[in-house]
Amino acid sequence: RVSQQLAAAEKTASAAKAAQVAFQLAQKTLGTELAAATKNLAEATKTLAALRLSPDQRFLIEPQADGSAMLWTVPGGLPVAKCLPKPGTALALGWKPDSQLALPADATTLDLTPQWTLEKTLGTGDAKSDIEDRVNAIAFSPEGQSIAVGSGEPSRSGDITLWDVASGKLRRSMRDQHSDTVLCLDFSPDGKLIASGGADKQLRISDVATGKPLKVFEGHTHHVMGVSWRADGRTLVSAGADNATKVWDWVKVERRKSLDGWDKEVTSIRYLGATTRLLTTSGDKQVRLIGEDGSAPTALAGSTEYMQASASSRDGRWAVAGGEDSVLRVWETKAGATVGVFAKP
């Protein structure tokens with residue numbers, strides 16, 4: 001019996017010793033992890049302390065390990081520039097009170113708010129101008145060499161003029177493409193065609209090289225206020241003051257679908273990049289994303305008044321819109337989050 005008790009005691013002692021060794025190992029591991037975490041926290045704190053936000057809170061300087069610095073937008077987190085130090089010098093960037101980036105190494109300043117300057121004017125602005133009456137729509141050709149201008153005398157004519165970007169000279173005058181004012185324009189992806197919508201309730205397609213009208217799409221019961229080609233050039237959409245948008249098949253030359261759900265005029269419409277998603281604005285204070293088949297309608301938050309115009313980035317990631325509240329808003333389209341609000345001065 002004594003032998004059994006002795007064996008049990010030895011077994012208990014052995015288990016206790018093993019537990020002690022395991023505890024010491026765990027303690028050592030925890031100590032190593034704690035030291036690493038403390039080091040990482042110190043580095044993160046050091047990095048955060050080194051970040052410098054501009055006075056207007058629009059840009060952020062992030063020092064890099066190689067001695068350079070990255071400049072980012074706030075919000076959005078988009079890279080603006082990478083600033084490199086001169087050989088043998090340290091790069092120390094700072095902000096001026098007007099939110100301009102100072103570069104002490106060469107005593108220069110990087111202007112982050114450049115001023116727009118007038119380069120040229122199309123038309124003369126008088127009765128002899130090649131542009132009839134007011135300008136209601138403009139569009140750049142895909143290669144960026146031409147500008148199309150939509151105009152016309154209300155209830156009398158709808159004209160399109162094509163201008164050379166570099167010289168500002170008139171390339172072609174396409175008179176009376178519509179029987180009423182032209183309100184919207186968009187070049188086809190290959191730049192060979194131009195779609196135009198007007199107050200005559202029609203959507204027209206014209207040949208850019210000759211100015212010849214090719215096709216008239218009818219179906220809107222009020223002004224055609226927006227038009228956009230899909231990236232493949234086979235489909236286009238239009239928006240109207242009849243509170244509706246329409247999808248047109250250019251290959252079959254027919255209307256594919258009509259979309260409704262707007263309470264007032266649909267004032268603009270754009271395809272998001274190379275997708276079938278649409279960006280629209282309307283008089284019911286809404287900015288919406290919707291599939292060309294009517295699927296997954298999504299409202300982008302923030303607009304408070306009648307919305308007039310919209311645009312999207314080429315990759316479809318960003319959407320921008322403005323209206324009667326004099327505020328320009330920018331959204332990230334995947335999440336629908338507002339990333340920028342530009343109010344009137």
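Modeller: Val-165 counts as partly exposed, because its relative accessibility is 26% and the cut-off for buried is under 20%. Keep in mind that this is a predicted model. Val-165 lies in the loop that links strand 10 (158-164) to strand 11 (170-178). Leaving out residues up to four places away in sequence, Val-165 touches Lys-120, Phe-140, Gly-144, Gln-145, Ser-146 and Ile-147. Take Gln-145 from that list: Gln-145 and Val-165 are 20 residues apart along the chain, yet their C-alpha atoms are separated by 5.3 Å.

Now for the chain as a whole. Its secondary structure comes to one helix and 27 strands. Of the 345 residues, 38% are buried. Among contacts with a separation of 6 or more, 34% are between residues 24 or more positions apart. The accessible surface is about 19800 Å², and carbon and sulfur atoms account for 55% of that.

Six of its six residues are buried, so strand 14 is largely enclosed by the rest of the structure. Gln-202, Arg-204 and Ser-206 point one way, Leu-203, Ile-205 and Asp-207 point the other way, and all are buried. So much for the side chains; here is the pairing. Strands of a sheet pair through backbone hydrogen bonds, in either a parallel or an antiparallel sense. Strand 14 runs antiparallel to strand 13 (residues 193-198), with five bridges joining the two. Within that pair, Leu-193 stands opposite Asp-207. Strand 13 and strand 14 make a hairpin with three residues between them, and Lys-201 in the turn has a positive phi of about 75 degrees. Strand 14 also pairs with strand 15 (residues 213-218), again antiparallel and over five bridges. There, Ile-205 has Lys-215 as its bridge partner. This pair is a hairpin too, with five residues between the strands, and Gly-211 in the turn has a positive phi of about 80 degrees.

One last stop, earlier in the numbering. Four strands form an open sheet in the order 1-2-3-4, with antiparallel pairing. Strand 1 (52-53) and strand 4 (79-83) are the edge strands, each pairing on one side only. Strand 2 (residues 59-63) and strand 3 (residues 69-73) pair in the antiparallel sense, with five bridges, and Phe-59 stands opposite Thr-73 of strand 3.

Back to where you started, then: Val-165 is partly exposed and has Gln-145 among the residues it touches, whereas strand 14 has six of six residues buried.

Technical notes:
Residues are numbered from 1 along each chain as its sequence is written. This is a predicted model: local features need pLDDT of at least 70, side-chain atom pairs count only at pLDDT 80 or more; totals for chains, interfaces and linings use all residues. Side-chain values use heavy atoms; hydrogens and water are left out. Buried means under 20% relative accessible area, exposed over 50%, partly exposed in between (1.4 Å probe, protein chains only). Two strands pair if DSSP finds at least two bridges between them. Contact means heavy atoms within 4.5 Å. Accessible areas come from the Shrake-Rupley method with a 1.4 Å probe; for residues, only the protein chains shown count as cover.
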